[in-house]
Amino acid sequence: QVQLVESGGGLAQAGGSLRLSCVASRSILSSNSMGWHRQAPGKQREWVATITTSGGSTYYADSVKGRFTISRDNAKNTLYLQMTSLKPEDTGVYYCNFRRLPPGVTDYWGQGTQVTVSS
């Protein structure tokens, strides 16, 4: 089992910045990858960014590419999402994900942190 606790959400103005953090209850090096997803009101949860454990490769949704940066601190078992040039459409609940495989795919999720961007 892995517990994930997100923090850092809040209210920001369009064009502003926020940094989200996600602390894991076990070493993040035991994951295959970690990532961030978000869910806007009335919409399905969508993927935002991923960082692989082996090699530290990063991947971003087109909607956040160039504005968001995913990173991690292995010693602190913490995942980050630096968000800049925020837009109102970035509003939503942001969830941290810890993925392990194989066998199959096992996903762990945090409780989420609310991000609200005002225009």
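Which two residues form a disulfide, and how far apart are their sulfur atoms? Cys-22 and Cys-96 do, with the sulfurs 2.1 Å apart; a disulfide here is a pair of cysteine sulfur atoms within 2.5 Å. The structure holds one disulfide. The pair ties together distant parts of the chain, with Cys-22 in strand β3 (residues 18–24) and Cys-96 in strand β9 (residues 92–100), 74 residues apart. Strands are DSSP runs of E, at least two residues long, numbered from the N terminus.

Before going on, a word on the model: it is a predicted one, where local features need pLDDT of at least 70, side-chain atom pairs count only at pLDDT 80 or more, and totals for chains, interfaces and linings use all residues. Residues are numbered from 1 along each chain as its sequence is written, and side-chain values use heavy atoms, with hydrogens and water left out.

Back to the bond itself. The S-S torsion of Cys-22 and Cys-96 is about -75°, so the disulfide is left-handed. Cys-22 sits at 0% relative accessibility, so it counts as buried, and Cys-96, also at 0%, counts as buried too (buried means under 20% relative accessible area, with a 1.4 Å probe and protein chains only).

The structure holds one cavity of 30 Å³ or more, and the largest cavity has a volume of about 30 Å³. A cavity is a set of points on a 1 Å grid over the protein atoms alone where a 1.4 Å probe fits but cannot get out, and lining residues have an atom within 4 Å of a point. Ile-28, Leu-29, Ser-31, Met-34, Ile-51, Thr-53, Arg-72 and Asn-74 line the largest cavity.

Methods:
On a 1 Å grid over the protein atoms alone, a cavity is a set of points where a 1.4 Å probe fits but cannot get out, and a pocket is an open set with protein on both sides within 12 Å along at least five of seven lines; lining residues have an atom within 4 Å of a point. Grid points are joined across faces, edges and corners, and a volume is the space filled by probe spheres set on the points. Helices (H or I, at least four residues) and strands (E, at least two) are DSSP runs, numbered from the N terminus. Buried means under 20% relative accessible area, exposed over 50%, partly exposed in between (1.4 Å probe, protein chains only).
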